Structures are given as structure tokens and as C-alpha cells.
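Please keep the sequence and the model in view while reading.

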Amino acid sequence: MNQRIQKSQYIYTYAYNSEDAPLCHMEMRALFDTHTQGKILKTDVDFDPGRSPFIKEHIEVLFEGNDLQDLYSQLHLINLQDETFKVLFVKINDQTGPDKVEYDEKRQIERDTGMHITGQLDMRDPDIIFGLVPYEGRWYLGIYKKAESVWLKHVKKPREYSTALSTRTARAIANIAVPEPAGKKAIDPCCGIGTVLVEALSMGINIDGRDINPLVVQGSRENIQHFGLTGNVTLGAIADVQEHYDATIIDLPYNLYTNATPEDQLVILKHARHFTKKLVVVTIENIDHMITQAGFTVKDRCIAKKGKASAFSREILVCE
């Protein structure tokens, strides 16, 4: 298939509710160095959409035009020999103004676009799906990929705690901590039953787990093994960590459910300063003074709720 432009632009569509928006936007900033209030983002960063719990679709842009006729004039460059195709008008839930297109018109545009592509149409099982979308006054067409919601498969675990992070939150936090896994190593030194570890390992992030509680260490290992993953989870205190890590994730123990005191929390943060460049902390209360005392600076923050109607919220801090 001939292509008019280099593969340098990508469009992502998002699905999230108002409660998830702050965490979704923080993940956007970590992955793409920007965020948008809408549920569509165009960037030059290529990212596997299945990694994010919020990304719905990914389009690798091949052509763009000022209007549909401009776009159609370029599609003769697509010449599919042995591959079948279909065109999908990408649905954006919050599109308004000139970018909003009604259902019947979308189907007609799909048919019209397909008529300008040389190849065999297959609506049921095509080799290639072309995604078509209007964005900020222009039209884009490219290779379409739907995100696989891998994280949903991890919701039910053999070992669970009611206070553990939700799977969706854990996956976003892993992305925030390690947006580019190549050559990076992370640790969760208070890993509990391994909710973060499962999500990180399933995305190919090189991460170690550690905890002082032998029961939860065993639970973490069982959960990792249950999903066919391989990870290193050791028993021991954070004070004994010797290796250096590019990123550390700490769901800070809090005295509502453990015996951890504010002094204990500060000690954990101070120990982390010795072996990590980047720290992502999850807390149920404001700990800015502790972050400063431990030698970190807060670079980004958001509030994440556990469940739509839950009053139980956590603050997520990105520190360096």
C-alpha cells in the first residue's frame, strides 16, 4: 500500500467519566506531555492503546485534508493488492460543532470514502480497517486499531483486599510512573497483593515487588502467577533496598487500615529517595510536607476515586 505521508501522526480517542477525568489527564501528560479536555488527542507519539485503561482507539494517520474532497483526492495512492479493507467513521462521544456528524451521514461518508480506495471491501473480517475522523476543522484517515481492555481481565484475582487500588487506577499509575519501559526498571516496595505489579508486568514494564508482610507477599506472587506473568517479589523492608530504580510506586500505608504512623510514612519516603529518580505516591491525605522533608518535589498531582459513587478518594503525586 502506497502512503502519501510518513507515519508521524497518531490520533487517540478516549472513554472515561467525570470521576476518572483527573487521572486520565495525568496519564495523558505522562505519555504525551499534554492533555486535552476533549476525548480525542492528536500527537506524534506512537503508543500501544491497549496499555491505557482510558484509550479506546488509535489511528496511525496516513492522509489528511481540509475537507472530505481534499482527502478523497489523495486516496488513489492506496492500492491494495491482496488485502481487504473497510472504512470506519470513528465515534467521538463529546464532539460538537462542525466536527459532530450524525449517524446516517457517518454511514454515507464511510461508503463514499471506500469508493475512493482501490481494493476489495470486506465489512465483516477485513485485513485492514481505515479509521476516518474529523478533528479541529480537518479530516484524517489512517490505520485503525481498537484498544484491547486487558486490565478488565485482571479485576478478579485469587487474592484480594477491599482497600487495594482498582485495576484501572493501578494500570494508569504504572503508565504514569513508566511511560517508556525500554531500558527502565521500577519497584513497588509496599506492593501488597500486587495490583500494580500485575498491571505493570502485563505491559512489559520491568518491575520488582517488595513488602514486609509475608502473607501479602505470597498473595502477590499468587496473583502474578494466576495471570501467567513472571515477576520478582521479595520479603523485606524498604530500608533494605540496595538496587537503584528509575521509578518507584508507593501506595502509602495509612493508619486507617494499618499500624503505620505519619512518622512511618515519612521514613518510607526518605528511604525511597536513596534509590529512585522518580516517585509516584498514592495517599489518602495531604503529605506535601513529608514529600519536601524526604527531598522530593511534586511535579504533578490528581485525585482518583475508587468507584463512581465512592467517597473514598486518593491523591496521586508524581515526584522527582
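## Terms and basis of the model

A residue is called buried when its relative accessible area is under 20%, exposed when that area is over 50%, and partly exposed in between, using a 1.4 Å probe and protein chains only. This is a predicted model, in which local features need pLDDT of at least 70 and side-chain atom pairs count only at pLDDT 80 or more, while totals for chains, interfaces and linings use all residues. Residues are numbered from 1 along each chain as its sequence is written, and side-chain values use heavy atoms, with hydrogens and water left out.

## Overall architecture

The protein chain contains 8 helices and 14 strands, where helices (H or I, at least four residues) and strands (E, at least two) are DSSP runs numbered from the N terminus. Its C-alpha trace spans about 65 × 40 × 35 Å along the principal axes. Of the 320 residues in the protein chain, 52% are buried. Contact means heavy atoms within 4.5 Å, and among the contacts with a separation of 6 or more, 71% join residues 24 or more positions apart.

## Asp211 in strand β9

Asp211 is found in strand β9 (residues 206–211) and is buried, with a relative accessible area of 10%. Leaving aside residues up to four places away in sequence, Asp211 touches Pro189, Cys190, Cys191, Gly192, Val216, Val217, Thr234, Leu235 and Gly236. Asp211 and Glu19 lie 192 residues apart in sequence, and their C-alpha atoms are 30 Å apart in space.

## Helix α3 and its buried side

Helix α3 (residues 103–115) has 13 residues and reaches 19 Å from its first C-alpha to its last, close to the 18 Å expected at 1.5 Å a residue; the expected span is 1.5 Å times one less than the number of residues. The buried residues of α3 are Lys106, Ile109, Glu110, Thr113 and Gly114. They cover an arc of only 130° around the axis, which puts them on the same side of α3; the arc is that of the directions from the helix axis to the C-beta atoms.

These buried residues pack against α2 (68–72), β4 (79–89), β6 (128–135) and β7 (138–146). The face of α3 turned away from its buried side carries the exposed residues Asp104 and Met115.

## Two helix pairs

Helix α1 (residues 21–32) and helix α4 (residues 167–177) have axes that come within 9 Å and cross at roughly 25°, the axes being lines fitted to C-alpha atoms, for helices over the stretch in contact, with angles from 0 to 180 degrees between N-to-C directions. α1 and α4 are therefore roughly parallel to each other, a term for angles under 35 degrees, whereas those over 145 count as roughly antiparallel, 65 to 115 as roughly perpendicular and the rest as oblique. In this pair, Leu23, Met26, Glu27, Ala30 and Leu31 of α1 meet Thr169, Ala172, Asn175 and Ile176 of α4.

The axes of helix α5 (residues 195–202) and helix α6 (residues 214–226) come within 9 Å and cross at roughly 30°, which makes α5 roughly parallel to α6. The contact is made by Leu197, Val198 and Leu201 of α5 and Ser220, Asn223 and Ile224 of α6.

## Positive phi in two loops

Most residues other than glycine have a negative phi. Asp33, in the loop between α1 and β2 (40–43), has a positive phi near 65° and is exposed, with a relative accessible area of 70%. Glu136, in the loop between β6 and β7, has a positive phi near 50° and counts as exposed at 62% relative accessibility.
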